[in-house]
Amino acid sequence: MAAEIARWLTPWEPLYWLIALFAIVAACYVRGLARRRRARDVLPAIAFFVGLASMYTVMQTHVDYYAQYMFFIHRAQHLILHHLGPFLIALSMPTAVLAAGAPLWLSRGMRGLGALPPVAGLYRVLQHPVISAALFVGLIYFWLWPSVHFTAMLSARDYWLMNLSMAVDGLLFWWFMLDPRRPGATPTTYSIGLRIIVLWAVMPPQIAIGAYIALAPDTVYDVYAVCGRAFPISPIVDQQLGGLITWIPAAMMSVVATLILLRLGFVHDRSTASPTEPAVTASRPDERQTV
Amino acid sequence: MNHRLPRRLFVVFALAATALLAACSGGEPEYNAHDIEGVMPDLAFNLTDENGNAVEADDYDGRLKLLFFGYTNCPDICPATMARIRAALGGLDDTTRENIDVLFVSVDPERDDPERLAQFTSSFGPRFAGLTGSQEQLQTLSKRYRVTYGYGEPNDNGFYLVSHSSAIFVFGPEGKARLLVNQEQSVDALRADLKKLLERVD
């Protein structure tokens, strides 16, 4: 039993810097929670840790082995890296807790880095609604392009480039989407309506590629036959499952995010209507910085 | 000024994306197979050959190497692939053929002992060598080339299937990874690739 657990927890391809990064972020967050001691941190903390742990699990445990040798598990891995994990992390608005927990030099350093003109400029470009949507969908299409996918699954370097690019883009996209501040509070805080348009714009291309894969009569990705599968499963079933994962839950995330944004818009409106009430509940404008 | 900056970066970004796409799609492929030069590491392994001797990759230096993962009880892919390789080698002249080794690595050491491997490879010709090893040795080699294998449930007679890679990995005389040949590639296309590779390294 213990040996089995150890086997599952052992990274298939350890990236020590990545493990260290996750550990540092988790440690800062826990320290931040302990320092702030606020009851309203509890729910966001759960979202944050579920998001962080899910991203870690699909990259640095034995799950990664199955993701390398089964197409549908690879798709589930990307669903977590690009959609679910970053979504939960962005939803938890972790900046304030992280800043409270990080050593002073680190939080100052990060803030200083974010304020550098090239970094801030690049961030504004990446978070431009059109670029953000194009990157979000473009990366899915790029890594699923059969010849690109083939090399990515064969080359250790490209494999990690693929996974990490999905994770970073997922964080950027959902950070942009779920920003709770009042529109216009920062240059990258766009109006709720515009954000909903972007959310719905990224849905059809994801449905299209998911449906294409799920309904393809032949093998689209032969690299899984080339490398061997982790356990015997019909290649076409593997592909159909992978297509469905790309198609349905990925697109559903846009619907979930839309509901959250509508609620956020409602909270903004209500606090505008009664200016005597302090607008603290949902917006917390002071607590969020661009990273 | 502040408003212009993102727009200028937007243009730069769009140009970079276009350039990247152009770079990815450009260039005629030289071989019929997938070129894996620089993508995969040089050949390295510690295994046992069909005579029961411990061997390593260096022992096959100086010749082109075709590496295939399989098992002798394999009902379809392995014998078919070996037959395709035999047919491809058959169309080469003797001296060219002698510069090629075919390494059949069994990922089923439980059933494939050296005698059994020798019996299997001898039916395909003198250029074919059977190799196998401990699970640890086999896993090290398969992981190095990002392939895997797994065992199915045994039936009443104790027979079980083994899932394994279906590709032929081609390595140069010094062990450099060169090509990855998949099942769809024809015998003629494989022969043409081998000829081209040998001309290049000579």
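I began with charge: B:Glu56, B:Asp58, B:Asp59, B:Asp61 and B:Glu174 form a negative surface patch. I noted the patch rule: residues with over 30% relative accessible area and no salt bridge, like charges joined within 9 Å. A salt bridge here is a side-chain nitrogen of Lys or Arg within 4 Å of a carboxyl oxygen of Asp or Glu. Asp and Glu count as negative.

This is a predicted model, where local features need pLDDT of at least 70 and side-chain atom pairs count only at pLDDT 80 or more. Residues are numbered from 1 along each chain, and chains are lettered from A in the order in which they are written.

Next I looked up B:Asp58. It is found in the loop between strand E3 (54-56) and strand E4 (64-70) of chain B. Strands are DSSP runs of at least two residues, helices of at least four. B:Asp58 counts as exposed because its relative accessibility is 51%; exposed means over 50%, buried under 20%, and partly exposed in between (1.4 Å probe, protein chains only).

Then I turned to strand E10 (residues 177-181) of chain B.

I checked its partners; pairing needs at least two DSSP bridges. Strand E1 (residues 34-35) of chain B pairs with E10(B) in the antiparallel sense over two bridges. There, B:Asp35 has B:Leu179 as its bridge partner. Strand E9 (residues 168-171) of chain B also runs antiparallel to E10(B), joined by four bridges. B:Phe169 stands opposite B:Leu180.

Terms used
Heavy atoms only, no water. Patch = residues over 30% accessible without salt bridge, like charges linked within 9 Å, V, L, I, M, F, W, Y side chains within 5 Å. Areas by Shrake-Rupley, 256 points an atom, 1.4 Å probe, with all protein chains shown as cover. Charge placed at Lys NZ, Arg CZ, Asp CG, Glu CD.
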